[in-house]
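Please find below a note for a colleague who is meeting this structure for the first time. The points are numbered so that each may be checked against the view.

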Amino acid sequence: GQVLNSGPLNAFFEMRRREDSYELWTHDYIFGLAEYLLERIKTMDSEQPLSTTIVDVGSGDGRLCYFLRRAMGITLQRLSSASKQITVRATKRAKKQRVQKEQVMPTIIATDDGSWKAPLYPNPHIKVERLSSVEAIAKYRPEENERLIVLCSWMPPDLDFTSDWRPAAEEYVL
């Protein structure tokens with residue numbers, strides 16, 4: 001498809017001439033999504049700290065999860081180093097009271113049932129589990145002290161899978 005007034009983007013897809021060009025993940029999008037998810041998890045943890053799993057259903061070749069994992073790692077590292085630079089002069093007693101829990105990296109899992117036949121590229125860092133969205137939610141259904149966030153970038157037209165996720169997922173992002 002053509003995107004009006006976006007010559008370089010059209011040129012990129014025209015040069016590729018491949019059937020697997022579904023998305024173009026930008027730095028701003030990936031880091032924006034990473035920061036959104038980390039902030040949501042932090043907010044949810046302030047109410048009740050839980051271990052978080054993010055499952056991307058219909059993830060195709062898994063690149064979104066790969067990039068998201070890297071962006072979250074960089075963001076958490078940046079936040080951690082910034083908090084270490086703050087020096088506070090206090091008594092030992094005050095220091096003990098100021099213990100702040102560091103945010104933990106969520107588990108990020110890519111799943112796809114393979115129905116769109118998206119090509120999988122040989123990359124040891126990208127793993128996609130062959131599961132439908134229902135199977136993925138059943139496998140990663142949260143237990144006590146856990147939460148589930150579902151990502152879905154490519155829900156097929158005229159289908160709504162969200163009713164399958166609502167009982168298990170604390171949040172889902174389309």
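1. In this predicted model, L151 stands opposite V173 in strand β5. The two strands concerned, β4 and β5 (residues 171-173), run parallel and are joined by three bridges.

2. Strand β4 also has a partner in strand β1 (residues 51-56): the two pair in the parallel sense, over six bridges. Within this pairing, T53 stands opposite L148 in β4.

3. The loop between α6 (162-165) and β5 contains P167. This proline counts as exposed because its relative accessibility is 64%, where the cut-off for exposed is over 50%. The C-alpha atom of P167 is separated by 9.7 Å from that of I137, although the two residues are 30 residues apart along the chain.

4. Helix α6 includes T162. With a relative accessible area of 2%, T162 is buried, since buried means under 20%. The side chain of T162 makes a polar contact, at 2.7 Å, with the side chain of R166.

5. Three aromatic pairs are found in the structure. One of them is formed by W25 and Y29 and is stacked, with 5.4 Å centre to centre and 25° between the planes. Another joins W165 and Y172: the ring centres are 5.6 Å apart and the planes stand at 70°, so this pair is edge-to-face. The reasoning rests on the angle, because planes over 60 degrees apart count as edge-to-face.

6. Which residues of α2 are buried? They are I30, F31, L33, A34, L37, L38, I41 and M44. Seen down the axis of α2, the buried residues fall within an arc of 160°, so they line one face of the helix. The spacing may be read with a general rule in mind: an α-helix has 3.6 residues a turn, so residues three or four places apart point the same way. On the other side of α2, the exposed residues are D28, K42, S46 and E47.

7. How many disulfides does a search of the whole structure find? The search finds zero. C65 is buried, with a relative accessible area of 1%, and C152 counts as buried at 5% relative accessibility.

Notes. Residues numbered from 1 in each chain as written. Predicted model: local features only at pLDDT ≥ 70, side-chain atom pairs only at ≥ 80, totals over all residues. Heavy atoms only, no water. Phe/Tyr/Trp six-rings, centres within 6.5 Å; stacked < 30°, edge-to-face > 60°. Buried < 20%, exposed > 50% of the residue type's maximum accessible area, 1.4 Å probe, protein only. Helix = DSSP H or I, 4+ residues; strand = E, 2+ residues; numbered from the N terminus. Arc of directions from axis to C-beta. Pairing = 2+ DSSP bridges. Disulfide = S-S within 2.5 Å. Polar contact = N/O pair within 3.5 Å; in protein donor to acceptor, adjacent residues only side chain to side chain.
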